[in-house]
Amino acid sequence: MKFSRLTLARKLILTMMATSSTALLVACVSFLSYDAIVLRHSIADHLHGLANITGENVAAALTYNDPKSARLVLEALRAVPHIVAAQIYDGNGRSFAAYHQASSASTIQLPEVAPAPANRLDGDRISECDAIILDGEPIGYIYLVSDLQEIHARMRRFVMFTLILIAASSAAGFLVAISLRRLISKPILDLVDTTKRISREKNYRVRAPKFAPDEIGLLVDSFNEMLGEIEFAEAALRSAHQESELFIKSVPSILIGTTADGRINRWNLAAATVFNASADAVMGKPLQDCGISWLNSQPDKGVDSWFGIEGSEKREDVAFEKNGQRRFLGLTIINTIYIPGGETRGFLITGADVTERKVLEEQLRQAQKLEAIGQLAAGIAHEINTPAQFVGDNATFLQETWPALQAVLQACLQLTVESAAGPIAPETVAKLLQYTEKADPTYLLNEVPQAIAQALDGVQRISKIVRAMKEFSHPGSEGKCAIDINRAIETTIAVARNEWKYVADIHTSFGDDLPAVVCLAGEFNQVILNLLINAAHAIGDAVKGSAGSKGTITISTRRDGEWMEVQIRDTGLGIPENIRARIFEPFFTTKEVGKGTGQGLALAHAVIVKTHHGKIWFESEIGKGTTFFLRLPLEQAAVSAAATS
Ligand SMILES: Nc1ncnc2c1ncn2[C@@H]1O[C@H](COP(=O)(O)OP(=O)(O)OP(=O)(O)O)[C@@H](O)[C@H]1O
Ligand SMILES: [Mg+2]
């Protein structure tokens, strides 16, 4: 096993054993080297002494040239086992007598001529050559060769001893390390236990015990200090989390979180209330199948499609069933990877139950319609009253002239009867002349046809305005239908006549190539009416004070590619710069109470942009007037998309 993988206790034991053994080894090797050197010197000294003694003993043999005696002297060296060879040279340096230990006879070659006197180390042998002196004169030389067996034997013993010493010290080190182990590793193991407990229980209030003020004690202190900081940070995090959870729970909007594949992982209180399902009941379930009965009117926009959204998308009128009732949601689906800081793919769904709002909007639309009709009622009553009055006047005139005419006609009848029976009585003729003169026939011949024509004209005007009213309010047509825009505008101009006729003349310039446009006719008329009345009011303000003067409202329609455009231009005061950004806001008005509620343009914007996917904007010049532009799409795709929405 690798050293790094060993437990700390084992590392400790091994380290102690290795340290003590290494120290011992170094000491032994140093001592051994020293001993070897000293021993070598003592062998050299010993060899020198032995050479002197032996030299003195062979001096006589040399003097008397007696090699035999010299050999005998050399034989005495057998008593010294380390002397493996010896040779005596005469005064000329030639070999005189030699000695070989039996075991080394063949391996040692003694020099033929006496070498220079010296002590030499030669491989595993030491040699000594000394001069043999007699009366101060050298008479020969002695050469001794010793092996190093003594050193080797001593070395072997020393190595054996060293090994035994290392083994013993390792064993002692092992025993000491084992007893010390608890002291060092226990605090570390306790620290490990503490970290394990913290990670298991997630309890940052736990602290590691400290045993001594050493390095491990310092480590424990730092660890406990770090735990303190984590505990503090964790408490702060928990309270921030609780705060944000509380915030999320208390937001009145629905907030649902899902994984990338649509499994619910967040469900706030509003979601629980709207869907009548607690968080526990839906957590981990797919949103498509968590107990909500979704009513998918558009399969491609169903819940499944939400989890493929990149970025964020809005879904209006998402239908679901609750307590047997169809309800609607307005939702925004956000892919969390697109939220700054979002790292994983998932979805956040926010929104609200808009059923009540939709009902209110519908009620408001109806109220607007009724209000417009109510507002127009007085004007329309006036419009009907004028022709009705002269129909009545002419009928009264005819009724009043009838007795005189009746008398003339009766006299004519009597004249006819008498002429058939015989001659006519002169009184009858006189009566006819008298009645005729009284009836004033010249006057009647002129006035009666006029009275009849005027009465018929009045009836026609009444029926026209009634028809326009009928067309304007479009009773019964709730859905979209194709309408003739020009005719719709004319109708609106007619019903609103009383609103503009005192302040403006209307000019129309209708495009004759306009196809029928698919729209909600009632709502479109409402928009035109609002714009017309706004124009009339603006002109009314402009001409106020200059009696009899009138402005002009010009309404034109045209086709521009795939768009149908309506322009309503007035010669009013224009819209002041500072309110231009606000005029489409609901309830923004500059008119006095009773004249405006500020809903006209907000409604017009909703109808044109939201319901019909069209555009509405304006251009205005102070003192010159304002032009409102409406555009509705003619393109079939847009129309059908609008129709389905
Ligand atoms: N043609 C215009 N010329 C000048 N100002 C206009 C014109 N049309 C709208 N405005 C300004 O925009 C404001 C908002 O118009 P909007 O039609 O929404 O409400 P209103 O006419 O005041 O009230 P309501 O239409 O509900 O009766 C008006 O009060 C007016 O100040
Ligand atoms: Mg208005």
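Analyst: Let's start with a definition: angles under 35 degrees count as roughly parallel, over 145 as roughly antiparallel, 65 to 115 as roughly perpendicular and the rest as oblique. Axes are lines fitted to C-alpha atoms, for helices over the stretch in contact, and angles run from 0 to 180 degrees between N-to-C directions. As for the source, this is a predicted model, where local features need pLDDT of at least 70, side-chain atom pairs count only at pLDDT 80 or more, and totals for chains, interfaces and linings use all residues. Residues are numbered from 1 along each chain as its sequence is written, while chains are lettered from A and ligands numbered from 1 in the order in which they are written.

User: Why are α1 and α2 called roughly antiparallel?

Analyst: The axes of α1 (residues 8–63) and α2 cross at roughly 165° and come within 8 Å. That angle is over 145, so the pair is roughly antiparallel. Helices here are DSSP runs of H or I with at least four residues, strands are runs of E with at least two, and both are numbered from the N terminus.

User: Which residues make α1 and α2 meet?

Analyst: T54, N57, V58, A61 and L62 in α1 meet P67, S69, A70 and V73 in α2. Being in contact takes C-beta atoms, placed from the backbone, that lie within 7 Å. By class, this contact has 6 nonpolar, 3 polar and no charged residues. For the classes, Ala, Val, Leu, Ile, Met, Phe, Trp, Tyr, Cys and Pro count as nonpolar, Asp, Glu, Lys and Arg as charged, and the others, Gly among them, as polar.

User: What makes the crossing of α1 and α2 right-handed or left-handed?

Analyst: The near helix is turned from the far one by less than a right angle, anticlockwise for left-handed and clockwise for right-handed. The crossing of α1 and α2 is right-handed.

User: How do you know which strands are the edge strands?

Analyst: Two strands pair if DSSP finds at least two bridges between them. The open sheet runs β2-β1-β5-β4-β3, with antiparallel pairing. β2 (95–100) and β3 (118–122) each pair on one side only, which makes them the edge strands. β1 (residues 83–90) and β2 pair over 5 bridges, with A85 opposite H100 in β2. Helix α2 (residues 67–75) packs on this sheet, touching β1 and β2.

User: What makes a residue part of the shell around ligand 1, and which come nearest?

Analyst: A residue is near a molecule or strand if its C-beta atom, placed from the backbone, lies within 6 Å of it. Of the 20 residues around ligand 1, A538, T589, G596, G600 and L601 come nearest. α13 gives the most, with 4 residues. The shell divides into 7 nonpolar, 11 polar and 2 charged.

Terms used
Two residues are in contact if their C-beta atoms, placed from the backbone, lie within 7 Å.
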